[in-house]
Structures are given as C-alpha cells and as structure tokens.
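Subject: Structure handover

Hello,

Here is the structure we discussed, for your own work. My notes on it follow below.

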Amino acid sequence: MKQLSDSEAYVPALRPHFAVADGIAVVFAPYAEVVVHDLATESIAYIANPISKRAPGDPSQLEDIEFDVSEDLVGPYVKTNWDGRRLKCISIVLTDQEKAIGLFCINVDVSQFDQIRITLDGFLGAKPRTDDVQALFVHDWHERINEFIAHWCSENDVRIADIDRPARRKLILALKESGALEQRRAPAYIARILSVSRATIYNELAAIKQEQS
C-alpha cells in the first residue's frame with residue numbers, strides 16, 4: 001500500500017498527511033489512489049495505492065497547474081489513467097502557517113461506474129452524458145502518455161496486459177516517434193505501465209535504433 005521515497009526529501013510538515021492518505025486509500029480500496037505532492041520540490045512526496053503507476057520522487061508537473069492557493073479545494077476534475085480508465089479527482093491545498101506547501105489529491109477509478117451508467121442510460125433511454133471537465137494537470141506528460149497508450153491499444157485491438165514482445169516494440173516505437181520519451185522519467189514510467197524493467201525499455205530502444213540504421 002505505502003510507498004515512500006528513499007531520501008524522504010519532502011517538507012516535514014507534509015508527513016502527518018501520509019497516514020490520512022493511507023486511511024482513505026484503505027477505506028475506498030481498490031478504487032482510490034491518494035497522492036501527496038510537495039510544492040517545494042514539485043514532486044510526489046507520498047502515494048497510497050498507486051493505481052496510476054507513479055512513485056515518490058516522480059515530478060508532479062506543478063508548473064502547469066492552474067489553481068489559486070487561497071482556495072482550499074480544487075475540482076472535481078477528470079484524468080485518464082495509464083490503462084485508459086477514467087479517474088475522478090479532487091485536490092486539497094495543504095498549508096503550514098498559511099503558506100501553501102502541498103497538494104493532497106484523491107483519484108478515484110470510476111470506470112466501472114461509467115459502465116453501469118452506460119447500461120442504465122441504454123436501458124432507460126436516457127441521453128448519454130458528455131461531461132467536459134477541464135483537467136487540473138493540463139500539460140501533464142503522464143496524462144499524455146496514458147491517453148496515447150490507451151488510443152494505441154484501442155487501434156491495435158489489444159489490452160496492455162496481453163502485449164507480447166513484438167507488440168511492445170511497436171508501441172515503444174510509436175511512443176518514441178510521438179516524442180513521449182523525451183521526458184527524463186518517461187522510460188521508467190512506461191516500464192511500470194508495461195510491467196517490465198527500465199533496462200527492457202532501453203534495450204528495445206537500442207534494438208529499434210539498430211534496425212533503423
């Protein structure tokens with residue numbers, strides 16, 4: 001459940017919120033992920049039930065967040081998970097002596113409830129809902145990679161869990177050509193999504209480069 005960075009290089013005042021994150025994640029397991037972002041380092045300080053495949057130390061992409069620190073609550077807003085599932089999210093601004101020091105984000109997988117809603121809408125003859133919610137992390141490269149992989153899997157009629165080595169290489173090539181691997185931590189994040197090591201990603205990239213030379 002718990003993941004903590006080895007260096008623990010976060011604002012100490014954030015630590016009391018880690019237990020709260022664990023408690024919420026346990027109560028709403030397996031649907032809820034809770035992330036504590038450190039505004040000072042613009043990175044993840046703590047994450048409970050990491051369904052997004054992120055880890056402590058990963059960048060928060062906070063330079064692209066559009067929020068007013070004078071507000072206590074941001075959202076709800078919608079994000080796309082690495083496997084294409086829809087997440088309903090809220091973010092709470094954490095303060096210490098009236099200074100904003102972090103964000104406490106709760107991300108809930110609502111994809112199964114979406115299916116129930118679609119079934120009920122079809123049965124009852126209701127019009128499909130088209131919620132258009134502005135995401136908080138508008139330029140989050142995690143989000144862009146998630147959406148790219150979900151779209152690629154849909155186009156190739158394959159599930160992430162069923163990707164074999166030839167398909168994996170095609171996906172990595174597509175990600176490379178899209179520019180998704182330009183982010184420093186992107187290979188590690190993609191490795192977690194595909195349940196392989198970072199070395200495997202780099203080996204595939206080397207093989208692709210050799211084939212293209």
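Buried residues make up 43% of the 213 residues in the chain. Please keep in mind that this is a predicted model. The exposed surface comes to about 12,100 Å², with carbon and sulfur atoms supplying 51% of it.

Overall layout

The chain contains 6 helices and 6 strands. In sequence order they follow the pattern β-α-β-β-β-β-β-α-α-α-α-α. Among contacts with a separation of 6 or more, 56% are between residues 24 or more positions apart.

Nonpolar cores

The largest nonpolar core has 24 residues, and the members that touch the most others are Ile 145, Ile 149, Ile 193 and Leu 194. At least two residues of this core come from each of helix H3 (141-155), helix H4 (165-178), helix H5 (186-194) and H6. The biggest contribution is from H5, which gives 6 residues. As a general point, nonpolar side chains in soluble globular proteins tend to be buried together.

For Ile 149, the contacts beyond four places in sequence are Trp 82, Ile 160, Leu 171, Leu 175 and Ile 193. Ile 193 is itself listed with Ile 149 among the core members that touch the most others.

Helix H5

H5 is mostly covered, with 8 of its 9 residues buried. These are Ala 186, Pro 187, Ala 188, Tyr 189, Ile 190, Ala 191, Ile 193 and Leu 194. H3, H4 and H6 are among the elements that cover them. Just after the helix, Ser 195 takes a positive phi of about 60°, in case you want to check the backbone there.

Glu 204

Glu 204 sits in helix H6 (residues 198-212). Glu 204 counts as buried because its relative accessibility is 2%, and the cut-off for buried is under 20%. What does the side chain of Glu 204 join in a polar contact? The partner is the side chain of Arg 169, at 2.8 Å. Leaving out residues up to four places away in sequence, Glu 204 touches Arg 165, Arg 168, Arg 169 and Ile 172.

Regards

Conventions:
Residues are numbered from 1 along each chain as its sequence is written. This is a predicted model: local features need pLDDT of at least 70, side-chain atom pairs count only at pLDDT 80 or more; totals for chains, interfaces and linings use all residues. Side-chain values use heavy atoms; hydrogens and water are left out. Helices (H or I, at least four residues) and strands (E, at least two) are DSSP runs, numbered from the N terminus. Buried means under 20% relative accessible area, exposed over 50%, partly exposed in between (1.4 Å probe, protein chains only). A polar contact is a pair of N or O atoms within 3.5 Å; within protein, one must be able to donate a hydrogen and the other to accept it, and residues adjacent in sequence count only if both atoms are side-chain atoms. Contact means heavy atoms within 4.5 Å. A nonpolar core is a set of buried Ala, Val, Leu, Ile, Met, Phe, Trp, Tyr and Cys residues joined through side-chain atoms within 4.5 Å. Accessible areas come from the Shrake-Rupley method with a 1.4 Å probe; for residues, only the protein chains shown count as cover.
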